[in-house]
Amino acid sequence: MKKSTKTLFNIIAVSIILAMLIFLELNKRKYSYDISIIERSIIYAVAAVAMNLTNGFTGLFSLGQAGFMAIGAYTVAILTIPVEARAGVFYVTGMNEFLSKIELPFIPALLLGGFFAAVLAGLIGIPVLRLKSDYLAIATLGFSEIIRSIIASPQLNMITNGSYGLKKIPRFPSIFVPMILCSLCILIIVMLINSSYGRAFKAIREDETAAEAMGINLFRHKLTSFMISSFFTGIAGGLLASYMGTIDSGTFKITLTYDILLIMVLGGMGSVTGSILGSFLVTAGREWLRFFDQPLTLGSWQVPLFRTGFRMVVFSILLMIVVLFYSKGLMGSKEFSWEGLLGFFKNLFTRKQKLNGGVSNGK
Amino acid sequence: MSLATFLQHCLTGISLGGAYALIAIGYTMVYGILRLINFAHGDLFMIAGYLMIFTLADFPWYIAIPIVLIGTVVIGIVIERLAYKPLRSAPRMSIMISAIGVSLLLQNLATYLFTALPRGYPEIPYLKRIYQFGPLSASFVTFLTPILTMALVFLMVMMINKTKIGMAMRAVSKDYETAEIMGIKINSVVSFTFAIGSLLAGIGSILYFTDRMSVNPFSGSLPGLKCFVAAVLGGIGSIPGAMIGGFILGIGETFLVALGFSTFSDAFTFILLIVMLLVKPTGLFGEKATEKV
Amino acid sequence: MKKFASLFVLVVVFAAMLTGFAYAADDEITIGVFEPVTGENGGGGFQEVLGVRYANEVYPTVEVGGKTFNIKLFEVDNKSDKTEAVTAAQNLVSQGVKAVVGSYGSGVSIAAGEIFAEAEIPAMGASCTNPQVTLGNDYYFRVAFLDPFQGTVMANYAFQNGAKTAAVITQLGDDYSSGLGSFFVTAFTKLAGEGSVVSQEQFQTNQTDFKAILTNVKAANPDVIFAPSSIATAPLIIKQARELGITAKIMGGDTWENVTIIENAGADAEGIVLSTFFDEADPATDEAKKFVPGFKEYLVKNNQPDVIPAVSALGYDAYLAILTAIKNADSVDSIAIRDALVTTEFNGVTGQISFDENGDAVKQLAVIKTVEDGAFKFLQTVTVTE
Amino acid sequence: MENNVLKLEHCTMQFGGVVAVDDFSMEVNEHEIVALIGPNGAGKTTAFNFVTGVYEPTNGKVFFHNELMVANHPAGKMKKLYKGDPDQICEKVVRKTPDQITKMGIARTFQNIRLFKALTVFENVLIAKHMHAKSGLLKTAMHLNYKEEIKMRKEAMELLEMQNLAAYRNDIASSLPYGQQRHLEIARALATNPTLLLLDEPAAGMNPQETDELAAFIKKTKEDFNLTVFLIEHHMDLVMGISDRIYVLDFGKMIAHGLPADIQNNDRVIQAYLGVEENA
Amino acid sequence: MLKINHLKVSYGGIKALNDISFEVPAGKIVTLIGANGAGKSTTLRSIIGLVKADSGEILYNDTNIVGLPTNKIVGEGIALVPEGRRTFPDMTVLENLKIGAYLRTDKTQIQEDIDWIYSIFPRLKERHWQQAGTLSGGEQQMLAVGRALMSRPKLMMMDEPSLGLAPIVVQEIFSIIRKINNDGVTILLIEQNANMALRTADFGYVLSTGHITMYGTGKELLENEEIKAAYLGKKKKM
C-alpha cells in the first residue's frame, strides 16, 4: 500500500472517530451510557497498554495493576475534591489538617498520582525484580492487596477516609478530556516501545542472558520498564477516579487486575493496538452480554440457561477459549495496519470461496 | 492478654493454620511438578464446599464425605485435562493466565448456579461438638484440623518417598523427559498429582468450612492466594515446608487480628512473602535451583 | 474444535448485538431498577428486586393526564461494585428511565448518585441507610431510615435492657457496617458513659474467621455485641461467638432480618436482636395487610422461602413512592417527578412515609426483632425523637 | 607490562564440593586467536564464564587490558586457597556484571545460539547499539534523539552489509537457517564494538565444510575489526587451523598450553582429550 | 531387530532428520556418528517416542512403533541412556535404579537385577545410599547405564556415553558396553568420539545434517579417509 493512501486512510479514520465523538458530546444525555463505556474502555486501555509494557514487551509477569491504580486514584481524589466539599466527604473523622487545604487542578494531581505509583513500584521492584517471574507475579499481586488494605485501614481515616471511600471527585467535563489524555499516554508508551529502550526491553523478553551480553543492564532496564508501566497505571487509576466520581478501596480488588490482564491477553501480549482493541471489546462486550442475564423466552419456550450470572459465565468461557485456542490473542504481537485489515478481509473472502468450492465439488 | 485468651488465640491460629497447610500442600505439589501456580486451587476448595452442602442434604455424612472427596478429585483432574494439559509446552505465562481464567470461571459458575448469597455449611455430626477446658472453648474440628493435617503430611511424605508413584512424581518434577524414558506416563503422574492436591483441598474444605460455617462463590479466592504464599514460605515443592508455612500464616494472622491489626492481616501474608523472597528466595525448605548458561 | 470455538464466539457476539437494546413505546414509562444481583450483596439485592417486581405486578400502570401508561421496569445489575455501578447507572440514563429504584448497599448508591443527579433523574433508595446517599444530592431519596437513627435505636435498646458495656464489630471498607458501628458507639457512649464500649474490632471483607476478634471480645466481656454486617458474615460471627462460649447478647442492623441468617446460624441464632423496617406479623398499614399474603404467594412462585425480607418490603415501598410521585406530579417528566417527591406522602408497607429536606424518609419508628424458635419475632418498637 | 588483552590469574571455582576449575591462569595477547579445549565438564565453560561475568570465580583475578575486572574473595578463609603471590592479594572484591563487561569491550556468542528469536535480523543487531546511546530515557522516549537513532541504524545496517546479512534484514531471526543464525550471532556480538571476541563453540553442529568456512570467516573478521579472539571449541580442525595458541583443561586443571603443533603432540593431551591412538 | 525406514522428523519447521534408513541387527552393537546437530540424538529420541516422526517407519521386531507412547515403547524392551546422563540428582543410587524398573512388577526379579547391576558396577554398590547428584561424572554415567538396564531392555540406546569423561573412564564404559552386549543386549550407540565408537561397534552409520552419508562395518569406516578427515580429526599426523 502506498504511503499516501495510508495517510488518507488514517485521516479518514481519525475524522470518523472525531465526528463520532462530537456527535456523542452533543447528545450527551441520550448516549451517556455509550459515552461511559467509551470512557471506561479508553481508561482501561491505558492500563492494559501499560501492563503490556512490562508483561508483553519486557517479559515480566506483574499483577500489581489494581494497587498502582489505587495509588493514582486516591492521589487524584484527595487532591482534587473541592475544598468546600471535603467536610462532607470526611464526615466521620474529618480530614487531615494539612491535606485539607491543598487542592490541585486535575492534571498536576494526575501526574502526581502516576509519580507516587512509580516510586512505590521502584521500592517494590528493587527486591522483587531480581527474582524469577512467577514470584514477581505473586509479590505484585500481594503488594496490591497490601495497598488496598492500607487504604482501607481506620488508621488512615484522616487521609483516605478509610472504609468510607471518597466521593465528589470532579468528573470529566466532556468526553474529550479522557480521550485526549489517554491517547497521549498511549502515544508516549508507543514512542517508548519504538525507541532504543523499547528494543532493549524486547531483548530482555526474548533472552535475558543474551540481552546482558549486549551490554544491557538487566536490573536497571527491568526496573525502568516496571516503573514507567506503573506510572501510567497510576495515571489510569487517576482517570478512573475522575470517571467514577466515587471510589473506595473495594474498587481496587484483584478482579480489577484480572480485568486488565484479560484485556491484554485478548488483545495479544506485545501488541499495543491489541490492548486497545481488547479494552473496547471487553468493556463493551460485558455490556452487550448483559442480555444473558435477563430471562429469555423464544416463543413460548423459556430458554433455560438465561438468568442472572449467566453473562459472567459466558464471559469466562470466552476468556478460556481465547487462552486455550488463540493463546496469541487477537493481534498476537503484531500491530494494527491497514494492510493487515485488508488482508484479514481478503482471507475471510478466500476462505469462503474455498468453502463454496468444496460444496460445489460435493455436488 | 490473659493466658486463657492467649491459649484461645493459639487454638484458633493452629486450627486455621492446619486448614491453610492442607491447601498449601496442593499448591506445592502442583507447582513442584508443573511449575504452575494453580490459581484455581482455592476455587476448587470453594466448589468442594458447595458439593458438601448438596450431598449432605441427601445423604448421611459417612456417604457424603467420600462423595464430596471423589467429586473434588474428579473436578481437579478435569480442570487439569482441559485447561492445563493443552498448554504444557506453551510459555509459562499462558498457563498462568489459563489458571486465572479457570479461577474466574469457577467463581462465576458458582455465582450463577448457587447465587452470590452465602450458603450455610451443614453440620457434620461430631465435628462441631463443643468442648470446654476451663476457660477455653472450642469445637472438635479445631482440635482435629491440626492433628489430621500432620497425619496427612506424614502420609504424603511417606507416599512420595516410599512408593512407586511417589518416586515417579519426584522423577517427573525433576526431569520430564528422563522420567518419560523410564516408562513413566507423564500425563498419569500429573493427573495423579492433581488428584492428590484436589483430595487435600477437599479435606481442607471440610475442615475449614465446618469451622467457618458458610460458603460463597468467593470464599476460596483469598485463602487460595494465602495458601500459595504459605507454600512459597515453606519452600515451594516441599511438603513439610508447606505445612509449616501454613501454620506460620495461620498463627501469625490470628495474633495480628488479636492484637487489633486486623486491617493488616491480609497485608501481613504478603509482607511475609516479600520479606521471605528477599531473605531466602527459596523458602524455608526449598532447594536451590541453579540455572545453566 | 478451534473452528467450533470461533463459531461460538461469533454467535455470542452477534446474538448480543441483535438483542441488547429495547426502547420504550409511547405509552410506556420506564423505571430503572438499580440493584446488585451478583457480587457480595447479590443476595439481598435480589430480594429487593423481588419486592420491586411484585410492586410492578400489583401496580403495572399509572394514569397521567388522563392517559394510562404501562410501567416497565428496566433492571441493571451493579454487581455490588462501584465501578460497575457507574456504568450501570449510565445505562439507565441512556435508556431514558424516568426514575430509579435502588440500591441495596449504600456504596453503590453513593457512586451512582452523582450520575443520577447530573442526568436529573430522581432515585429512590430502598434499603441504603448510609447518610451520604442523600446528603447533598437533590435527586436521591429513600424510604429507609438512616444509620445514625438505627445506631441510636440499637444503643437505646441495649441500654434500656440493662447493658452497661458493649463491643462493636464492623467490616472494613464497608460504608454501611463502619458507619452504623460508629453511630452506635457515639450513641452508646452518650448513654452509658465514656469507656462503656469496651472493645471495637474490625474485620476484612471476605474474612470468614472471626475467632481471633471474638476471643478479644470475650476477654473484654461486654454485655452486648453490636455487629452490623452483611448477610454473609452475620451467621459466621454469631456461630463462632457461641462456639467460643460468648454468652453476651448479639445485635445487628437491618440487614440481619433475613432467613438465610437463621438457616445458616441454626440454633445459635436464637436470641439475636436486630432492628428493621417491617414486621410481617404486625402489618402497620392497609397496604401492608394487602402486601403480606400477596407477596408470600409471589415468593413461593419464585422458589423463595415464604418469609418476607424487610428489604423486599422497602423495594415495594420505593416503587410505590415513585408511583405516587408520578401521580402527584401528573407528569412523566423526571424533573417534575423529583419535585413532586419532595412533598409526596403515602402509606407504604413499612409505615407512613414522607421525606425531609435531605430526601430521607421521615421515620421515628424502628422495629426491634429477635429470633425465637427459628423465626423472627417482633420484640418491640423503638421511637427516638431527637 | 605485557601487551595482553585478557589475563586470568589463579582462578578457582568450586560448586559445592566439586572443584570445577582449579588454579587456572592464562592470558590472551593482542591480536591473537587463543583456543581453550578439553573434554566436556573439564571446566572450559566455567572458565569462560569468569570472563563474561556469568559466574564469579570462588577465587582469583581476571584482568582486561591490564585493568582488574574480576577479583574475588581476596581475604578471609579463602585467602588460603589463593595460589598466587600472597602479596598480590588486593582487599577489594571486584565483580562486573555481564553488561558492564560488554561495555568494556568484550563481546561473546553462546554455545546454543541465543538470538532474540522473535525480533528481526536488523533489530537483533540494532539492540547491541543501545548501550552506547548517550541520550537519556526521557529524550529517547520522546524520540528527541533522532540524530543518535539515525547513527545507530546506519551503523547497524553497515554491519549487516559487511556481514552479507543485509538481504535478511527484515526477516525474523528464528526463521534463518542454522548457519546464518550462528553468523548473525557473531555479527550481533561485533555490533557492540568489542576489542575481544569470545566464541563459545562456534562450530557446534556444523559439518566439516561449514567449519572450514567458519574458520576463514573468523580469521577475516579478526583482521577486519582488529580483534582479539578467545574461543572454546571441540572441532579440532578449526582449533588447530586458526589458533595461535591453545590451552588445554582437564578436570579443572590446565594440563598443557602452547602452539597448536605442540599441543597435538603433547602426551598428556592425547591421553586426556584427543584419545589414544592404539592402532592408527 | 530394529529397522528404520525413511524416517523424517522436523521441529517447528526445521528439518532435523531428512529421510534416514538404517538397521540394527539383534545382538550387535551399531553406532551412529556425526557432528553436533547432525540429527543423531533426534534419531534416538524419535525411536523412543519423545519426538514425533513426520513420516517413515520404525520397525521393532517387525512392528511399527511410530506413534506409540514412550512408556509402551519402553515396555517393549527399548531403553535409552540419555545424553548428559540425566540421573535424578536428589534420589539415591538405589532409587535411581529402582525407577529404571518402573514398568516392572516382578519384585524378586528386580532385586536380583539390582544385584546384577551392582556386580557390573561395584562402585555403585558402595554408594547405594548416596544421592546421585554427588557422584562423579563417570559414576553417574554408570548409574545411567545401570538404570537403563533395570528395565531389562532388549535394545539399549546410548547417547554419547563418553561425553565429558576422562579417557580411562571412557575405556571402562566401553568395555562395559561390550560386556552388556555379550550378555545379549543389542546396542545402538551414538558418539562424538568416533574413534572409540567405531572400534567398539559391529556396524557404523555416518549421519550428516539429517542424512545417512555412509555406512559399513566399524573397521571399514575407521579406515575410510573421508571419515578420518571429518570425524577423527587430523590425528593421523600425530
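The buried residues of helix 1 of chain D are Lys44(D), Thr46(D), Ala47(D), Phe48(D), Asn49(D), Phe50(D), Val51(D) and Thr52(D), where buried means under 20% relative accessible area, exposed over 50% and partly exposed in between, using a 1.4 Å probe and protein chains only. This is a predicted model, in which local features need pLDDT of at least 70 and side-chain atom pairs count only at pLDDT 80 or more, while totals for chains, interfaces and linings use all residues. Residues are numbered from 1 along each chain as its sequence is written, chains are lettered from A and ligands numbered from 1 in the order in which they are written, and side-chain values use heavy atoms, with hydrogens and water left out.

**Helix 1 of chain D**
- Helices here are DSSP runs (H or I, at least four residues), numbered from the N terminus.
- Gly53(D), just after the helix, takes a positive phi of about 85 degrees.

**Which chains meet**
- There are 7 pairs of chains in contact, and chains A and C share the most contacts; contact means heavy atoms within 4.5 Å.
- Chain C does not touch chain D, with their nearest C-alpha atoms 25 Å apart.
- Chain C does not touch chain E either, and there the nearest C-alpha atoms are 20 Å apart.

**The interface of chains A and C**
- Here 50 residues of chain A are in contact with 53 residues of chain C.
- Together the two chains bury about 4300 Å², 57% of it on carbon and sulfur atoms; this is the accessible area (1.4 Å probe) lost on being put together, summed over both.
- The interface has 3 salt bridges by the rule, which asks for a side-chain nitrogen of Lys or Arg within 4 Å of a carboxyl oxygen of Asp or Glu.
- Arg40(A) and Glu84(C) meet through their side chains in a salt bridge, at 3.4 Å from N to O.
- Among the elements of chain A that each supply at least two residues to the side touching chain C are helix 2 (32-58) and helix 11 (218-244).

**Nonpolar cores**
- The largest nonpolar core has 262 residues, of which Phe39(B), Phe34(C) and Leu188(E) touch the most other members.
- A nonpolar core is a set of buried Ala, Val, Leu, Ile, Met, Phe, Trp, Tyr and Cys residues joined through side-chain atoms within 4.5 Å.
- A second, separate core of 74 residues includes Ala144(C) and Phe188(C).
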